[in-house]
Amino acid sequence: MSCAARVWVALMLGCLLGCLLGSLLGCSGAVAQSGSAEAVAECLRDNVPPAWGAQIEVRLRQPDGSQEVRRLAYATRERGREPLSDHWVRMRAPDALAGVVHLFRQTESSWSRWSYLPALDRVSQVKGQGSSSAALEEIVGVRDLDALMRWSEGATLQLAAPREEGGRQVRSINATRRVGTGASAGFERMRGLMDVERCVLLQGEWRDAENRKTRSLSVVPASLRRYGDHWVPQRIDVQQSDGVTAQVHLTHVVIAPKVPRGLFDPDGFHQVMPAALGLE
């Protein structure tokens with residue numbers, strides 16, 4: 001066999017092996033299994049749909065045993081070269097919250113929230129520092145989805161070697177992210193577990209700047225659903241440090257919906273109904 005023929009055969013074998021690995025793990029899976037922390041962060045980042053919406057049901061249980069079911073419609077999008085996120089939330093149940101609508105818009109160093117209260121027929125605005133994750137903290141379900149899918153942005157990651165657990169290839173993650181500014185600056189920490197093939201977090205435990213545990217989340221692995229190039233969890237179990245627990249169910253998901261006029265506009269966000277997003 002000539003030298004040129006040997007080179008051609010080697011190249012073909014390389015392509016075949018690459019295709020075989022891609023079919024077994026997928027491109028993202030290969031990156032997450034053997035890539036650097038930066039590559040894994042990018043892999044997690046790429047799993048987030050640029051725009052999507054969902055119907056969400058949250059079953060809350062208080063420490064005293066009392067329970068409440070909340071239902072809401074949710075939509076989010078990313079914008080800009082360094083993606084910033086916008087979030088829209090319309091509460092649908094219970095009756096005491098039905099019709100309340102929130103809009104969150106993130107800038108590079110702060111965020112703004114507009115809230116429509118139907119009882120007053122008025123929109124109020126609140127501004128704050130930090131990421132949109134901080135703004136979403138009060139909305140159980142939405143904040144947890146955002147934490148699972150976006151928390152790694154801007155964080156420093158440390159990764160353990162891949163291993164098999166429950167029939168899946170997983171990697172443990174320790175992450176640190178700076179929060180606050182000036183004298184109030186500190187570091188929030190997350191310890192989690194990611195699904196290597198799907199580039200999505202399966203578990204996470206968060207600690208604040210004083211190293212106090214704030215909450216833990218776990219995805220029911222069987223609930224992961226693929227939408228094109230993205231994997232979205234349909235069931236998340238939440239445990240807060242105050243004893244409150246929640247089961248978060250995504251009952252309907254729409255990827256890349258047609259964004260109705262006014263959805264992310266402070267002047268019209270409260271007039272948009274879920275049907276306009278295909279969430280009925």
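Which ring does the charged end of Arg215 sit over? The charged end of Arg215 sits over the ring of Trp206, 5.2 Å from its centre.

## Model and confidence

This structure is a predicted model. The average pLDDT of the chain is 86, and 84% of the residues score at least 70. Over residues 3-26 the pLDDT is below 50, and this stretch has nine contacts in the model beyond near neighbours in sequence.

## Overall layout

The secondary structure of the chain consists of four helices and 16 strands. The chain has 280 residues, of which 45% count as buried. It exposes about 14,500 Å², and carbon and sulfur atoms supply 52% of that area.

Among contacts between residues at least 6 apart in sequence, 46% join residues at least 24 apart.

## Aromatic pairs

There are two aromatic pairs in the structure. In one of them, the ring centres of Trp52 and Tyr74 are 5.8 Å apart and the planes stand at 85 degrees, so this pair is edge-to-face. The pair links distant parts of the chain, with Trp52 in strand 1 (residues 51-61) and Tyr74 in strand 2 (residues 67-79), 22 residues apart. Trp52 has a relative accessibility of 2%, so it counts as buried. Tyr74 is also buried, with a relative accessible area of 1%.

The rings of Trp151 and Trp206 have centres 6.3 Å apart and planes at 80 degrees, so this pair is edge-to-face. Trp151 is in the loop between helix 4 (142-150) and strand 7 (156-159), while Trp206 is in strand 11 (residues 200-207); 55 residues separate them, and the pair links distant parts of the chain. Trp151 is buried, with a relative accessible area of 2%, and Trp206 is buried at 0%.

## Charges over rings

Trp206, besides pairing with Trp151, has the charged end of Arg215 over its ring. A further case involves Arg198, whose charged end sits over the ring of Trp231, 4.7 Å from the centre.

## Nonpolar cores

In soluble globular proteins, nonpolar side chains tend to be buried together. Here the largest nonpolar core has 52 residues, and Trp52, Ile56 and Leu250 touch the most other members.

Another core, of 14 residues, lies apart from the largest one; Ala75, Trp114, Val254 and Leu279 are among its members.

## Leu279

Leu279 is found in the segment after strand 16 (245-255). With a relative accessible area of 1%, Leu279 is buried. Leu279 and Gln55 are 224 residues apart in sequence, yet their C-alpha atoms are 6.4 Å apart in space. Not counting residues up to four places away in sequence, Leu279 touches Gly53, Ala54, Gln55, Ala73, Tyr74, Arg92, His252, Val254 and Pro274.

## Ser112

Is Ser112 buried or exposed? Its relative accessibility is 12%, so Ser112 counts as buried. Ser112 lies in strand 5 (residues 110-117). Leaving aside neighbours within four places in sequence, Ser112 is in contact with Leu103, Phe104, Arg105, Gln125, Val126 and Lys127.

How values were computed
Residues numbered from 1 in each chain as written. Heavy atoms only, no water. Helix = DSSP H or I, 4+ residues; strand = E, 2+ residues; numbered from the N terminus. Buried < 20%, exposed > 50% of the residue type's maximum accessible area, 1.4 Å probe, protein only. Contact = heavy atoms within 4.5 Å. pLDDT = per-residue confidence, 0-100. Phe/Tyr/Trp six-rings, centres within 6.5 Å; stacked < 30°, edge-to-face > 60°. Lys NZ or Arg CZ within 6 Å of the ring centre and 35° of its normal. Areas by Shrake-Rupley, 256 points an atom, 1.4 Å probe, with all protein chains shown as cover. Core = buried A, V, L, I, M, F, W, Y, C linked by side-chain atoms within 4.5 Å.
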